[in-house]
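Below are some notes for a colleague who is about to look through the side-chain geometry and the chain contact of this entry. Please read them beside the coordinates.

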Amino acid sequence: MPIKKKTRRLHLPTLRIDPDTPVSFRFGLKKYRGFAGDTIATALFARGIRIFSRSRKFRRPRGLYSLDGESANCLLNVNGFPNVHAETTPLQPKMRVRPQNRRYSLKRKFITALDRFDSAMPAGFYLRRFHKPRFLWPYFRKHLRRAAGIGQLKPNFRPPDRYEHLHVNAEVCVIGGGPAGMLAALAAAAQGLRVILLESRPWPGGHFDYRITPYREDILLFQRMRTLAEQVENVPGIRIFLRTAATGLYPDHQIMAVQTGTAGDPFDQRLIRINARSIVTATGCRERPLLFEHNDRPGVMQPETALRLARTYGILPGARAVFCVGHDDGLAAAVDLHDLGLTVQAVADLRTGGQNPALVEALAAREIPLLNGWTVLSARGKTAVEGVTLASPDGKETRGFKCDLLAASAGKIPAAELLTSAGAETAFGPGGEIQIRNLPPHVHTAGTLAGYDLADAIELSGQVAGLRAAADCGASVEADILTAKNALDSLPQKKPDGMPFPIQKTGKKVFVCFDMDVTVKEVRQACDLGFDRPELVKRLTGAGTGPGQGGMPGYTLPPVIAACTGKPVEEMQPSRVRPPVAPLLLATCATGHTSILKQSPAFPVQKKLGGLIQPVNGWEIAVRYSPDRAARSGIDTVRQHIGITDISTPGKFRIFGPDAEKALRRIFLGDLAGMVQGEARFGLMCSEQGWLMDRNLIARQGETDYFFITAPSLAAETVREWLDRHTAGEGWNFHLTALTDAMGGIRLAGPRTRELLQRLTESNVSNAAFPVLGYRRFRIRDEITVHAIRNPDLGEITCDLFVPASRTGALWEILIDAGRDLGIQPFGLTAETVLRLEKGVVNLHFEADRHATPVTMGLGEFLFRTPVEPGTVGLKVLREGSPRRGRARWKRVGFRMIRKEEGGRVPSEGAIVADDAVRGRISQCRYSPTLDAYIGTALVEESLTAEGTSLPVFAPDMQQKDDRLSVMVVPMPFYDPDNARAGQ
Amino acid sequence: MTEETMQRRSPVLFPNPPDDVAGREMRKGWDVILQYHSEGETGPFLVDLSHRDRWEIRGEKIDRIRPLEMTLPETPGQCRFQGGVLLLRFTGTSAGVWQLLIQSPFMPREDAYTDMTDGDALLALAGPHLSGIMEKITPLDLAVPAARPPFQATGPVCGIPGRIIVLDRNPDDAVMLITCPRGYGQAVADALLKAGKSAGLTPAGEQRMLDRLRALQSAK
């Protein structure tokens, strides 16, 4: 039957398009025109396009089946984005739409050749074949990988940055803007609560929005919906998010939803995170696909889709139609579409009775034959439906019809994916109906999802759910709930239709899953192989793992398996759906997770000086100031002149109060007793199990006032919680103030440091007055007070200066100006790492791992203190032995490369020390320009720690047969072992 | 040169070009932008107040402490805006004193006091559409009906720890303050400007916010 190139739009009061606003777009190379309010699919359908894609495996033509994006049939490439659901994506001006997964025209018939070789592609064929002979597997793998997946994303494609994250708080969240959802929102908002209403379509109304069935005597259902929508919009407490699909429900009543923007919105898509105290789900029902031969042909669609095309978009879905339905809404759709001009040749009803008598009369009045208990045997036509064959309940009688539209559905099933994602269970009842059980607390259902069919009952169920949600939030509405519930119970309840679900087991192309091209035949093959549960069949056949997830096959596959295995359907468990239930762009997910990095107060100065800025430990830090990766100039400056670097990133804390020392002794290993004012000492922070967490500098700045420094990774809250946890119940009087951000730090290091400082301060900074590990406070140029600590870690005269953060930049500039003639130069983190390594100082950034305890790191002296306090965190475990008793202990050693390997191979961090077994690992290895050698540290078995031992190193990029790199254990420190330079 | 004249640098630098500055002032070493040519009249506005003095008080008996002759709020989470000062009670043993409209010459020399001016970045927002902007950067519930401004909320702001003080939530002209660790100040300011772009959020000088705060104070 020829398809008209252009379909004339109907003019109906239910329309949601604006026929006065045309919208131009491109599909492939051709230019098309739709109207504002269209989706891409409806605009294309209106212009005569019936084939939207080719299927994944058999390359069969696929057309518009549903308007809610339940299958991959209408996945298109839109503006460069692959796999966009054309049925749900609003049409926008100048869109560039392209079909995907096709090499030639969508209409070419020869590309359906694969369709004839289905017997060569049984269930899981790609898992079971192609592996023998083994040498051919790489060839097949290449081609299988090429065939896998749908759509292509160009590597250079850059989406526009129009994505957002939104955090919304409310007392009640209603998911679904149909009649039940709107009534629920109104009921909850009437209690003074903030309500959020999510609706996936561009307008509220649900499945009543396009129905002209009378609601009251002079009001039709769609008119009622428009009135309700207006009411909802005018309630200030209700916030409506249209074009917003919930993607998941999470514990603590968090809802994730994704909203699609329109031309006027500042975003293309945004992820909405909703915190609510109670949730009402009124997501309605969806139509269960009917299984018959060639049930995927373009022209086969859901009855609701056919009706929506006409009523919402003004498109008559065909010329001659046959209906096969399992619910009264399908009968109503047939009547309505007939009245709009569609020739309905027959209506097959899967049920043998129980239909609404008024609808039966209406069909009779229009001389449309109603075939009770009949089903579809097959659809005919190569690239679109050209006819159907219906079969009687006993299969003995068949009747053929010529048509271009087959509206087929096996009844309605609840759209319960969100509920199952939140932990609710679904199960099949004895009649094949879907039951929802074990709803999470403070989650309510309403409307057709809750099993109500009639308009009054649907609305009342929404009201009851809204009131229950209000009660969850503390509203006193028990009496109102009772009244509404009684009214609901008093309404005539429609007897459940039952769920007859005929399955054509004989055909070759009866599709259970459109997305993955899985047929009933394949399911039967899977069952024959012993895969007798939906979860197992899914894994072998792929049914339900396509872009639509379990949308279509979720409630279809289990009955098919039951039919194939002869088991009762109640024994089959529907698949659990995992979020995201609705698809969203990865760009939308990613946009809110741009890592926010901290900037040091000296950041602008470092940047001005040309520092190479990189993120380290959550900070933006200058790692070096020259192109040389080894940062030789920075190291030479420190060893020969004077270097300046930023040390603002470590944690800085003030702890004060009468019991401050006790608190410090509780969390730090090391002897802090007898520390006098103006003195600093090192301490170690260990976990309760004795693992080394940090090496800290602690200074006494007052009688009961201390200042200590932690690693950058130990944030203020971490330290505060650590201290609180380990001093809880002691009743000690001390206070901790985090100064990490309040104070900036500058480190001066080099033989001329003292000379520079003495130029700038009147205080005595000689070694006698300000020795190593001394703490002083003095003024620089009589402008600024600095806290200074002599730190021995770099092996030169080193002074760490701490000042208020806002003055750090200015102090840096003063120091640079004053030290210019002394050869002052900035150095970065790379140089500092090498300088510390030369001195053999533990660098936990590289060296901390599961083997790091104070003992293994050669810091055993920190375990001894007087008096011994058993409460000190980690001390007891450490004094009693290694926390990993019974296992080989690794110890820290220094090594030097035996061959000078500059420009060649050096062991990288994490490389293993291994002969016939793993004996240790390399912690760090760097080139030292001072020593002109590659040096490093490693954790190795105790037997390998002797000086002169050669360590065989196996790098991650080496092959088993390659020669090991060879390094030799040498004593540490590598540089200035007598500390003569630092203590000058 | 004394400490008061030595330049202090704010953690936040707005992207406005130098010639957009309509008024500036050196104050205690800070280069304070009073007004921008481009800041417009309607808002919403984003103002950097990181230079305003902020003290932290910690101690067992801080209820006895009367900073600037004012009484601290009693309940943790409470805050009060009086005499140009925002008094915040963080916990039972800690409180904050933010001098928004006044400038005390010195901080009391008691152990309990710590000057936190340099520790945090302080950004202020004023004008319409603020709730929409804030929803893009924080999950904190700033519209909770039970809370009456001024109130504070602590939690993630742009994914990092922060504190938001709602001084006025009139939808047409709300006033909010945001603090976060100083190091994150620039990133948060950038994120705010991005989030508020569609609402017309523009950087503004201190004067704009001080006028609004004075109006807020006199309305009380």
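Predicted model: local features only at pLDDT ≥ 70, side-chain atom pairs only at ≥ 80, totals over all residues.

**Notes on rings, a covered helix and the interface**

1. A search of the whole structure gives 14 aromatic pairs over all chains. One of them joins A:Tyr139 and A:Phe140 in an edge-to-face arrangement, with 5.6 Å centre to centre and 70° between the planes.

2. A:Phe428 and A:Tyr555 also form an edge-to-face pair, for which the centres are 6.4 Å apart and the planes make an angle of 80°. This pair links distant parts of the chain, 127 residues apart: A:Phe428 belongs to strand E28 (residues 425–428) of chain A, whereas A:Tyr555 sits in the loop between helix H14 (534–541) and helix H15 (557–565) of chain A.

3. As for charges over rings, A:Arg62 lies over the face of A:Phe511, at 5.0 Å from the ring centre, while A:Arg654 lies over the face of A:Phe656, at 3.9 Å from the ring centre.

4. Helix H19 (residues 660–667) of chain A is mostly covered, since six of its eight residues are buried. Those residues are A:Ala660, A:Ala663, A:Leu664, A:Arg665, A:Arg666 and A:Ile667, a list in which two arginines, A:Arg665 and A:Arg666, may be worth a look. Among the elements that cover the buried residues of H19(A) are strand E37 (651–656), strand E40 (692–702) and helix H20 (716–727) of chain A.

5. Between chain B and chain A about 3,400 Å² of area is buried, and carbon and sulfur atoms give 50% of it. The contact draws 40 residues from chain B and 43 residues from chain A.

6. How many salt bridges cross the interface of chain B and chain A? The rule finds four, and A:Arg194 forms a salt bridge with B:Asp141, in which the closest N and O atoms are 2.6 Å apart. Across the interface there are also 17 residue pairs in polar contact, both residues being at pLDDT 80 or more. On the side of chain B that touches chain A, strand E4 (54–58), strand E8 (113–115), helix H1 (130–137) and helix H2 (185–195) each give two or more residues, and the largest share, four residues, comes from H1(B).

Methods
Residues numbered from 1 in each chain as written. Chains lettered and ligands numbered in written order. Heavy atoms only, no water. Phe/Tyr/Trp six-rings, centres within 6.5 Å; stacked < 30°, edge-to-face > 60°. Lys NZ or Arg CZ within 6 Å of the ring centre and 35° of its normal. Buried < 20%, exposed > 50% of the residue type's maximum accessible area, 1.4 Å probe, protein only. Contact = heavy atoms within 4.5 Å. Buried area = accessible area lost by both parts, 1.4 Å probe. Salt bridge = Lys/Arg side-chain N within 4 Å of Asp/Glu carboxyl O. Polar contact = N/O pair within 3.5 Å; in protein donor to acceptor, adjacent residues only side chain to side chain.
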